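Welcome! Please take a look at it first, and then read on.

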Amino acid sequence: MTTAKLICLLLVALVVSVSAKAQTAVLYPKLSKTLDSLRNVDQWPMQRITRQEPDSIGRNLEQVEKDNYARHQPVLEKIVRQFGFPGFREVGKTSSYNFWLLVQHADAHVDFQRKVLKLMRREVQPHNADPVNYAYLVDRLAINTGQLEEYGTQLKYTGNVGDDYSKVVAVPVSLRDSKNVDKRRAAIGMGPLQEYLNGMADMTRQMNKRKP
């Protein structure tokens, strides 16, 4: 290989490396870490409940979950005041998802959810927020304010008998214009509603299988 070709290859490799770093760089790395930590605390109780593992010191895990939500709320509100909606450019896709997840759980604060939804709407078109996550928050707020869902993401489960989840069925809590829901879902990149419902019902059956 000639020296000129070697230099050319090294330059290409350097450009690729720089580009890769530029793609992963975020405006607020400290905020990204904060959101990831909050998400871990948020998810811990439900993970133990799902695995049917009691708390090591005997706490009610559902209450621990609620307490975590309450502690996180002022932190989330401060983040929004300071940064607006933490999108992909600001904190990266994973941390932006984590922020959205925390907002999903702020059911006791519908005004805050409404505020975030408005901010998030502006970021979907320039690809700085996930349109599917946006759809979930649309439905979450609808349920929390007594309205009908647009996308059928928020579910209730029927068909179980006592502790037997083998015949459980997932259905939307509520739904506007059910005939056209798949068109609305497809427009933002979601699959057919029935596929989603089947998948969620199957997941619920698996989660509620009794340990041998």
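Helices here are DSSP runs of H or I with at least four residues, numbered from the N terminus. Please keep in mind that this is a predicted model.

**A pair of packed helices**

- Two packed helices are described by the angle between their axes and the distance between the axes.
- Helix 5 covers residues 93–104 and helix 7 covers residues 131–144; they pack at an angle of about 10°, and their axes are 10 Å apart.
- Angles under 35 degrees count as roughly parallel, and helix 5 and helix 7 are therefore roughly parallel to each other.
- On the helix 5 side, the contact is made by Tyr97, Trp100, Val103 and Gln104, while helix 7 brings Asn133, Tyr136, Leu137 and Arg140.
- By type, the residues of this contact between helix 5 and helix 7 divide into 5 nonpolar, 2 polar and 1 charged.

**Salt bridges between separate parts of the chain**

- Side chains of opposite charge can pair when their charged atoms come close.
- The structure holds 8 salt bridges.
- One of them joins the side chains of arginine 89 and glutamate 123, at 3.8 Å from N to O.
- Arginine 89 sits in helix 4 (residues 88–91) and glutamate 123 in helix 6 (residues 110–124), so this pair ties together parts that are 34 residues apart in sequence.
- Arginine 89 counts as partly exposed, because its relative accessibility is 45%.
- Arginine 176 forms a salt bridge with glutamate 150, with 2.6 Å between the closest N and O atoms.
- Here both partners are in loops: arginine 176 lies between strand 2 (169–172) and helix 8 (181–187), and glutamate 150 between helix 7 and strand 1 (155–158), so the pair ties together parts that are 26 residues apart in sequence.
- With a relative accessibility of 34%, arginine 176 counts as partly exposed.
- Glu150 and Arg176 also belong to a network of salt bridges, in which they are linked with Asp177 and Arg184.

**A salt bridge within one helix**

- Arginine 205 forms a salt bridge with aspartate 202, and their closest N and O atoms are 3.8 Å apart.
- Both residues lie in helix 9 (residues 193–207); because they are 3 residues apart, arginine 205 and aspartate 202 are separated by about one helical turn.
- Arginine 205 is partly exposed at 24% relative accessibility, and aspartate 202 is partly exposed with a relative accessible area of 37%.

How values were computed: Residues are numbered from 1 along each chain as its sequence is written. This is a predicted model: local features need pLDDT of at least 70, side-chain atom pairs count only at pLDDT 80 or more; totals for chains, interfaces and linings use all residues. Side-chain values use heavy atoms; hydrogens and water are left out. Axes are lines fitted to C-alpha atoms, for helices over the stretch in contact, and angles run from 0 to 180 degrees between N-to-C directions. Helices (H or I, at least four residues) and strands (E, at least two) are DSSP runs, numbered from the N terminus. Angles under 35 degrees count as roughly parallel, over 145 as roughly antiparallel, 65 to 115 as roughly perpendicular and the rest as oblique. Contact means heavy atoms within 4.5 Å. Ala, Val, Leu, Ile, Met, Phe, Trp, Tyr, Cys and Pro count as nonpolar, Asp, Glu, Lys and Arg as charged, and the others, Gly among them, as polar. A salt bridge is a side-chain nitrogen of Lys or Arg within 4 Å of a carboxyl oxygen of Asp or Glu. Buried means under 20% relative accessible area, exposed over 50%, partly exposed in between (1.4 Å probe, protein chains only).
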